[in-house]
Amino acid sequence: VRECSRDLWNVFRKYHYLNHELNRSARCHALIYEGRAIGFCATLHSPHPKSKNLKRCSRLVVLPDYQGVGIGIRFLNIVAGYFNGLGFRYLIRTSQRNVMKGLGKSESWRLIGYGKNTPFSAISACKEFNRTISASRVTACYEFRGSRS
């Protein structure tokens with residue numbers, strides 16, 4: 001795992017299930033296997049009125065040939081552990097069932113929210129926008145607790 005340029009997102013964007021855009025302030029990490037990037041994780045600082053030390057995963061993608069064997073969760077653990085080691089809380093919100101299942105089995109993650117997000121009425125009028133966000137989808141939010149041996 002290594003920090004990478006946001007330009008690498010162009011390789012992974014078509015495999016992300018929601019919005020294909022990447023926030024300009026994202027810190028990006030690549031998962032490298034045999035000299036090739038097979039995973040991408042973008043992290044954003046998440047402004048919060050009470051918690052000033054909050055980071056969240058905004059994009060997590062593993063190439064299709066490498067999905068289904070737990071690589072994504074291990075990759076996410078490394079990135080979350082890195083930020084946790086710097087003193088940040090680390091969150092991920094997902095609607096992907098396989099990610100929910102993997103994080104739910106992990107002792108390193110704690111479920112802190114589950115349910116359907118209701119979109120703002122102004123946003124919900126735009127069907128194309130709603131297709132690209134987690135509004136109206138069942139999502140789960142997890143917080144990284146650190147490695148548990």
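## Order of elements along the chain

Read along the sequence, this predicted model follows the pattern β-α-β-β-β-α-β-α-β-α-α-β. The protein holds five helices and seven strands in total.

## The sheet

An open sheet of seven strands is present, arranged in the order E1-E2-E3-E4-E5-E7-E6. The pairing within this sheet is mixed. Strand E1, residues 2-4, and strand E6, residues 109-116, form the edges, each pairing on one side only. On average, and with direction ignored, neighbouring strands of the sheet are turned by 30 degrees against each other.

Cys4 stands opposite Cys28, a residue of E2.

## Helices against the sheet

Helix H2, residues 71-85, lies across E2, strand E3 (36-45), strand E4 (54-62), strand E5 (89-94), E6 and strand E7 (138-144). The direction of H2 makes about 135 degrees with E2. Helix H3, residues 97-105, also packs on the sheet, where E5, E6 and E7 are the strands touched. The direction of H3 makes about 35 degrees with that of E7.

## The two sides of helix H3

Helix H3 has Met100, Gly102 and Leu103 as its buried residues. Seen down the axis of H3, these buried residues fall within an arc of 165 degrees, and therefore they line one face of the helix. As a general point, an α-helix has 3.6 residues a turn, so residues three or four places apart point the same way.

The buried residues of H3 pack against helix H2 as well as strands E5, E6 and E7. On the other side of H3, the exposed residues are Arg97, Asn98, Lys101, Gly104 and Lys105. H3 thus presents buried residues on one face and exposed residues on the other side.

## The protein as a whole

Of the 149 residues in the protein, 40% are buried. The protein exposes about 9,000 Å², and carbon and sulfur atoms supply 49% of this area.

Contacts can also be described by separation along the sequence. Among those between residues at least 6 apart in sequence, 62% join residues at least 24 apart.

Note on methods:
Residues are numbered from 1 along each chain as its sequence is written. This is a predicted model: local features need pLDDT of at least 70, side-chain atom pairs count only at pLDDT 80 or more; totals for chains, interfaces and linings use all residues. Side-chain values use heavy atoms; hydrogens and water are left out. Two strands pair if DSSP finds at least two bridges between them. Helices (H or I, at least four residues) and strands (E, at least two) are DSSP runs, numbered from the N terminus. Axes are lines fitted to C-alpha atoms, for helices over the stretch in contact, and angles run from 0 to 180 degrees between N-to-C directions. Contact means heavy atoms within 4.5 Å. Buried means under 20% relative accessible area, exposed over 50%, partly exposed in between (1.4 Å probe, protein chains only). Accessible areas come from the Shrake-Rupley method with a 1.4 Å probe; for residues, only the protein chains shown count as cover. The arc is that of the directions from the helix axis to the C-beta atoms.
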